[in-house]
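Biologist: I've got a model open here and would like to talk it through with you. Shall we go from the overall fold down to single residues?

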Amino acid sequence: MEKLASAKKALTKLEAILDEGVQDEKTRDAAIQRFEFTSEICWKALQAHLKADYAEEVRYPKGCYETAFRVGLIDEDLCLALNQTVRDRNLTSHTYHETVAIEIFERLPLHAAAFRSLVSKL
């Protein structure tokens, strides 16, 4: 599955920048950008998986995560964690406030762990 391979690659890049431990503005912005594309490709990989293996067609990230929970692919805790990634992704995409960026950056390790758990289930 090509989308799954892309999700793994994006996640590896996100984890790599987080492992550096640098917290300057450039690194924070780069990490947030990696989070954005990781978020995008992970939900699309799940979307493809749900369609192929469960005959479920879902058009939006939250719907994908809720459907994955409903069909038993992920548990409730992971569903909630992944829905938080969607909320943070929306915040980074639609406006830029430095205080919000700092808050989201601090949550990126949790988001990366949620994506890693999702990818392992695909």
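Biologist: Reading along the sequence, what pattern does the protein follow?

Modeller: Keep in mind that this is a predicted model. It has 5 helices and 0 strands. So, with helices defined as DSSP runs numbered from the N terminus, the pattern reads α-α-α-α-α.

Biologist: What radius of gyration does the protein have, and what would a compact globule have?

Modeller: The C-alpha trace spans about 45 × 25 × 20 Å along its principal axes. For a compact globule with 122 residues you'd look for a value near 14 Å, and the protein agrees because its own radius of gyration is 14 Å.

Biologist: Among contacts between residues at least 6 apart in sequence, what share joins residues at least 24 apart?

Modeller: Those pairs count as touching when heavy atoms come within 4.5 Å. On that basis, the share joining residues at least 24 apart is 62%.

Biologist: Which residues touch the most other members of the largest nonpolar core?

Modeller: In soluble globular proteins, nonpolar side chains tend to be buried together. Here, buried residues make up 40% of the 122 residues. The largest nonpolar core has 36 residues, and the two touching the most other members are L46 and Y65.

Biologist: Which elements give two or more residues to this core?

Modeller: Take L46 as a way in: leaving aside neighbours within four places in sequence, it is in contact with C64, Y65, A68, L73, L118 and L122. The elements giving two or more residues to the core are helix 1 (2-19), helix 2, helix 3, helix 4 (76-94) and helix 5.

Biologist: How far apart are the end C-alpha atoms of helix 2?

Modeller: Helix 2 covers residues 25-54, which is 30 residues. At 1.5 Å a residue it should span 44 Å. The prediction agrees with that, since the end C-alpha atoms are 42 Å apart.

Biologist: Is A55 buried or exposed?

Modeller: The cut-off for exposed is over 50% relative accessible area. A55 has 68% relative accessibility, so it counts as exposed.

Biologist: Where does helix 5 have its kink?

Modeller: End to end, helix 5 (residues 98-121) agrees with its length: 24 residues should span 34 Å, and the end C-alpha atoms are 34 Å apart. There is still a kink of about 45 degrees, shortly before the proline P109. The residue where it lies is L108.

Biologist: Is H111 buried or exposed?

Modeller: H111 lies in helix 5. Not counting residues up to four places away in sequence, H111 touches F35, Q84, T85 and D88. Buried means under 20% relative accessible area. H111 has 3%, so it is buried.

Biologist: What distance separates the C-alpha atoms of E2 and A48?

Modeller: E2 lies in helix 1, and it is exposed, with a relative accessible area of 69%. E2 and A48 are 46 residues apart along the chain, and their C-alpha atoms are separated by 9.9 Å.

Terms used
Residues are numbered from 1 along each chain as its sequence is written. This is a predicted model: local features need pLDDT of at least 70, side-chain atom pairs count only at pLDDT 80 or more; totals for chains, interfaces and linings use all residues. Side-chain values use heavy atoms; hydrogens and water are left out. Helices (H or I, at least four residues) and strands (E, at least two) are DSSP runs, numbered from the N terminus. The expected span of a helix is 1.5 Å times one less than its number of residues. Buried means under 20% relative accessible area, exposed over 50%, partly exposed in between (1.4 Å probe, protein chains only). The bend at a residue is the angle between axes fitted to the seven residues ending there and the seven starting there. The radius of gyration is taken over C-alpha atoms; the globule rule is 2.2 Å times the number of residues to the power 0.38. A nonpolar core is a set of buried Ala, Val, Leu, Ile, Met, Phe, Trp, Tyr and Cys residues joined through side-chain atoms within 4.5 Å.
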